Amino acid sequence: IRAGLVPALLPPLWRERELVGALEALAPKALVAPTRCEDDHPADRARYVAAALFSVRFVLSFGPDTPDGVVALDDCFERPNGREPKPVALAEPGEAPAIVTFRTTTNGHVPVARSHNHWVAAGLATLLEGRMEPGETLLTTMMPSSFVGVATGLMPWLLGGGTLHLHQPIDIDALGRVIVERDVTRVVLPGLFAGEIAARLPVQDARALRGVIGVFGDPRRAADARPIHGGIEAIDVIGFDEWGLVARRRQSGRPAPVPLGAAKHPLDGVNAPTLLETRLTGTGRVELRGPMTPLEPGAVNGFQSTGFFARASEESFVVTGRSDQVAQVGGLGVGLEDVAEVLREVAPVKALKTIAVCDPLFGERIEARYALADHSNLDAAAIDAQFRDALARTPIAPHKIPSRFVLDPTVIARGAAP
């Protein structure tokens, strides 16, 4: 960013299909990836993505065992040449694009660019509602590849100074040791599990810990949150896809409902800034506007439609569903038709559709329902095996693979009369 470049943040679970489809619209000049992440090799994958994108001129990586054709950045970090790069001066730096994330549609992923001012407003919501002080130590378990991931981790750290720790939430005991050893003051957790994880943290030994920030990338899941006990202050951050978020201090066992109208941060602050405005249309669609919300063409009076439905209750509302065919699996968006297109290519079925089903661990999972082709001599077990074998050889993100394949003769082929 200081060099005048615009980073586009990519979820680590994406594979060639998602990466190429999302990046075609951006025409990136370079791809940067680690050589290894657990058993995955992102830098190796970046070579194949670059081959499909004519705009890419450089493939860069950091970490050991750099693949052929990839430029290692480690030498730049370990043996600097002594020349300090000069920040690029922009005419209107606050309004210039700063970071790009991606929103999910039913058919794929679309880039969403935010300016520096957009990101500052988004980071202020968590910072102000949590009354975070300068110099605090923040630990986040959220992937810094989505709007809510950046707005609750990177941005509060940049705005408040201090220290930021990025931690994969694989081992809760290891997470607890880091919180104690590094004097972490705030820990950012997935909202659906914040209560359960907080109950297992060594709160008595973590004397510096001041609060837990629970993040709900899918506002429908906020109603399923469990209480946070142990005297720990809890801040709930409820995001609306890539469009905006609201941060609220938890006053009871459950997250507070989302305010209808002006959402001030902090809620009880004198002259608190309005960082987001919400409204419901006559059909119950949720729309947002404000300093953190970018607008697409067609926005009316500065309000951006979010794709969510809600039910109003006095001065607040509760999100009840989505108007688009997008599922949220482990915090990542999945276009249902995008998955269905892949499945139709790998198995001889007459008709197929994908649906989202509730899951207590991942929020939602994908289920595929299909009807066999006429005169097919295959049974459900054979089709299931064929699906799974084909998907194992298809460069599709693992969170998009259906957890179940269900034989359903009532499924109608696209374009067929019911």
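**Working through the chain**

Student: What share of the 418 residues is buried?

Tutor: Of the 418 residues in the chain, 47% are buried. Keep in mind that this is a predicted model.

Student: How many helices and strands are there?

Tutor: The chain has nine helices and 22 strands. Its radius of gyration is 23 Å, close to the 22 Å from the globule rule for 418 residues, so the chain is as compact as a globular protein of that length.

Student: And what does the C-alpha trace span along its principal axes?

Tutor: About 70 × 60 × 50 Å.

Student: What about contacts, how many join residues at least 24 apart?

Tutor: Take the contacts between residues at least 6 apart in sequence: 60% of them join residues at least 24 apart.

Student: Now strand 4. Why is it called largely enclosed?

Tutor: Strand 4 covers residues 97-105, and seven of its nine residues are buried, so the rest of the structure largely encloses it.

Student: Which way does it pair with strand 5, parallel or antiparallel?

Tutor: Antiparallel, over eight bridges, with strand 5 covering residues 108-115. The two strands form a hairpin, with two residues between them. Proline 97 sits opposite serine 115 of strand 5.

Student: What's the strand order in the open sheet of six?

Tutor: The order is 12-17-16-15-14-13, with antiparallel pairing.

Student: How many bridges hold strand 12 to strand 17?

Tutor: Two, and these strands run antiparallel, strand 17 being residues 316-322. Valine 258 has phenylalanine 317 of strand 17 as its bridge partner.

Student: Last topic, aspartate 40. Where does it lie?

Tutor: In the loop between strand 1 (30-34) and helix 2 (42-52).

Student: Buried or exposed?

Tutor: Aspartate 40 is buried, because its relative accessible area is 18% and the cut-off for buried is under 20%.

Student: What's it in contact with, leaving aside neighbours within four places in sequence?

Tutor: Aspartate 40 contacts Pro12, Arg15, Thr35 and Arg45.

Student: And how far is aspartate 40 from leucine 280?

Tutor: Their C-alpha atoms are 43 Å apart, with 240 residues separating them along the chain.

Notes:
Residues numbered from 1 in each chain as written. Predicted model: local features only at pLDDT ≥ 70, side-chain atom pairs only at ≥ 80, totals over all residues. Heavy atoms only, no water. Helix = DSSP H or I, 4+ residues; strand = E, 2+ residues; numbered from the N terminus. Rg over C-alpha atoms; globule rule 2.2 N^0.38 Å. Buried < 20%, exposed > 50% of the residue type's maximum accessible area, 1.4 Å probe, protein only. Contact = heavy atoms within 4.5 Å. Pairing = 2+ DSSP bridges.
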